[in-house]
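User: I would like to go through this model term by term, asking in each case what value stands behind the word that is used.

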Amino acid sequence: MSRLRDHLGLTHPAELVRMLPAAGVLAVWIALMPQDGGFNAADRLPAGLVLAGLLAVAAVGGRRVLPAAGPARWALLAFTAFTAFNFLSIAWSDAPGSAWEASNLLLVTLLGAWTLALAPWRSGSAGVLLALFSVAAAMVCLGSLIAALGAGDLTSRFDDFRWQPPLGYPNTTAAFGFIAAIGMVVMAARPDLPVVLKGLAQALATFLAAFALLPQSRGAVLGGTAALLVLIAFVPWRWRLVVHVGLLAATLILASGPILDVYHQAATTGRASVALGDATRTIGLATAAALVAGLLVALAEARIRLDERGRRTARLAGVGAVLVAVVGVGAVGVAHSAGIRTALDDQWTALKHPGSRFADGRGRRDNGVARFGFIDPLERYDYWRVALDGFRASPVGGIGAGGFEHRYTSERRYPKVSKYPHNLVMKVLSDTGVVGVLLLAGVLAAVGLGLLRRRSELGGGDVAVAAAALGMTAYFFAHGLFDWLEAYPVLTGPVVGFLIVALVVRTQAPDRGAGEARSRRSRLAVAAAGVLLVLAAASLAAPWLGLRYRDRASAIWRTQPAFAYQDLDRAATIDPLSPAPLVLQGVIGLQRGDLGRAADGFTRALQREDAWLPHFGLALIAAQRGNRRAAGAELDAALARDRLDPVLPGVAQRIRGAERIDPPALVREVLVSPLFDVERLK
């Protein structure tokens, strides 16, 4: 036990005990990794309840509710204010159920970060946390590959011919691999680690980065570039970092052919299994080669002893290598200037006219080109247009957390619906307006200023943790300009959590004893924290219980309809903002021919959120009862809220013209969109 404490940098047995809640946070992250990264509320909400319990244990065990480090306090309080404002936006949101869901998502991240902030971090323990996170991520990624190799049907593992496990969406899977790799690149370059650990870190970074190439996410290129620039600017051992990044890049280039071929084979032949097997073997060989090369480089680095002049030369060489890379990129740009100019013109046209066809089809999927070469922004500019319109409509407080989907469904110019603006800045602007932007900027300012102030006093291990945290954050924000990474707790949790750890490492003050605990101010702080924690747990528990009742109703409604209706009533009571249980009641009522139950569910759902599906359900009921006028009015309302649905207009026309209709068949038809049909992959 004493050897473990020494390795972790802890000086007292009680400190090791106080690390247990932080270990619990890591365990929650690991548990969410194979569960689509916590994207689904059924996984995310109970995880949040566990985190709330861990925070209570950490606060009681450490006899404090705030960390000792001032910057960490300000960062946590600013993030708390940002989360609280998201909850407050429920009051003016047109989709209060979605606002509650989005606010709870932030709450899960906040609870984990706060728990980490109360642990007695030292350089060793923070480094172990970073390494364990990356090792767990690699194991989960490897497990997803092994499981796929033995599967006869790979359809569920691909989205638009792109690999998507373990997070269930290609772009976030790529982000997961690269974010986990960043810390290992830093550890591989760290000068004070043993040679064996540096070699293992290089191999682990290579595996994670090579795996992250499988989904071919274009946003990952921007994220990786931003992370690299931040790392080079922050770490003092830049030349070592450039060497290890160069080694990683060379390995990935050599291994990229079979990895990128998976997408090509899936798109052209529909048979991805052979290509996926080749890619898996290539990733394994690249990892092994990186281990050997990393050990050799680490051995060479260990023999190098530089004086001040040598260190200055090495720094200049590192900067020179970066400049050479920049010049090389510039040369390639000049060589392809005509194509780049055309691409930029196309992008500008698409940005000015969202919803128009992009460049007469140029940049769409080409079976002979890796997806990294596609320049079509897809629907993103249209997402941003609607998000900016929402901001203009409510510039101070925004349209409400999670309100984008409600607005985009009625205002979009493409058939496909989206829940997210695919841009973190646009999301904050649209959801919470100027107030939300300022609060989030306060979080970033507290973190940035805190790390800059502490940079000169940080040791090698502390610098490595801080650099990794900053690199992860840079990646997250850069990639998040084009995707919805913020919806995954297994991404937001580590990004925010490692930033807080970097702020508090080696700064925790010793306990001040019972005198402080008895002080009036301390008692008030503890009481306030206790009340807030109870409210947080209630906010997570209510929708989770409602979801459990909904799921049970979905499972039993055919055989036990009375009990299913009871479960939906309970769900609607426990989760008083979500229209989902009431919409489900309406759908079940239509399927069973229970028009009274169906009408009651759809009508009550509209009182919570004015959406197209309840109006459509009421139109079916009115048509079935022979009230064509009411049916027409409800159909008009449904189409006004979802006019570009690929199925709804045709179904509505049939309802208007037919003398007899089949409501169960029609509602099933509109709930199965052809936009989500996928090719079967072997």
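**Terms and the values behind them**

Analyst: His-422 counts as buried, at 8% relative accessibility. The model is a predicted one, in which local features need pLDDT of at least 70, side-chain atom pairs count only at pLDDT 80 or more, and totals for chains, interfaces and linings use all residues. Residues are numbered from 1 along each chain as its sequence is written, and side-chain values use heavy atoms, with hydrogens and water left out.

User: Why is His-422 called buried?

Analyst: Buried means under 20% relative accessible area, exposed means over 50%, and partly exposed is what lies in between, with a 1.4 Å probe and protein chains only. His-422 has 8% relative accessibility, and therefore counts as buried. The residue sits in the loop between α16 (404-411) and α17, where helices (H or I, at least four residues) and strands (E, at least two) are DSSP runs numbered from the N terminus. The phi of His-422 is positive, near 60°, in a residue other than glycine.

User: What makes Arg-63 partly exposed?

Analyst: The relative accessible area of Arg-63 is 47%, so the residue is partly exposed. Arg-63 belongs to the loop between α4 (41-62) and α5 (70-88), and although Arg-63 is not a glycine, its phi is positive, at about 55°.

User: Why is Gly-650 called partly exposed?

Analyst: Gly-650 has a relative accessible area of 40%, and is therefore partly exposed. This glycine is placed in helix α27 (residues 648-657), and its C-alpha atom is separated by 9.7 Å from that of Val-670, 20 residues apart along the chain.

User: Why are α15 and α17 described as roughly parallel?

Analyst: Axes are lines fitted to C-alpha atoms, for helices over the stretch in contact, and angles run from 0 to 180 degrees between N-to-C directions. Angles under 35 degrees count as roughly parallel, over 145 as roughly antiparallel, 65 to 115 as roughly perpendicular and the rest as oblique. Helix α15 (residues 380-393) and helix α17 (residues 424-454) pack at about 15°, with axes 8 Å apart, and the two are therefore roughly parallel to each other. On the α15 side the contact, meaning heavy atoms within 4.5 Å, is made by Trp-384, Ala-387, Leu-388, Gly-390 and Phe-391, and on the α17 side by Met-426, Leu-429, Ser-430, Gly-433 and Val-434.

User: What makes α25 and α28 roughly antiparallel?

Analyst: The axes of helix α25 (residues 612-624) and helix α28 (residues 663-671) come within 10 Å and cross at roughly 160°, and the pair is therefore roughly antiparallel. Trp-612, Leu-613, Phe-616, Leu-620 and Gln-624 of α25 meet Pro-663, Leu-666, Val-667, Val-670 and Leu-671 of α28, a contact with nine nonpolar, one polar and no charged residues.

User: How many helices and strands does the protein chain have, and what share of its residues is buried?

Analyst: The protein chain has 28 helices and two strands, and 52% of its 682 residues count as buried.

Key: Nonpolar A, V, L, I, M, F, W, Y, C, P; charged D, E, K, R; others polar.
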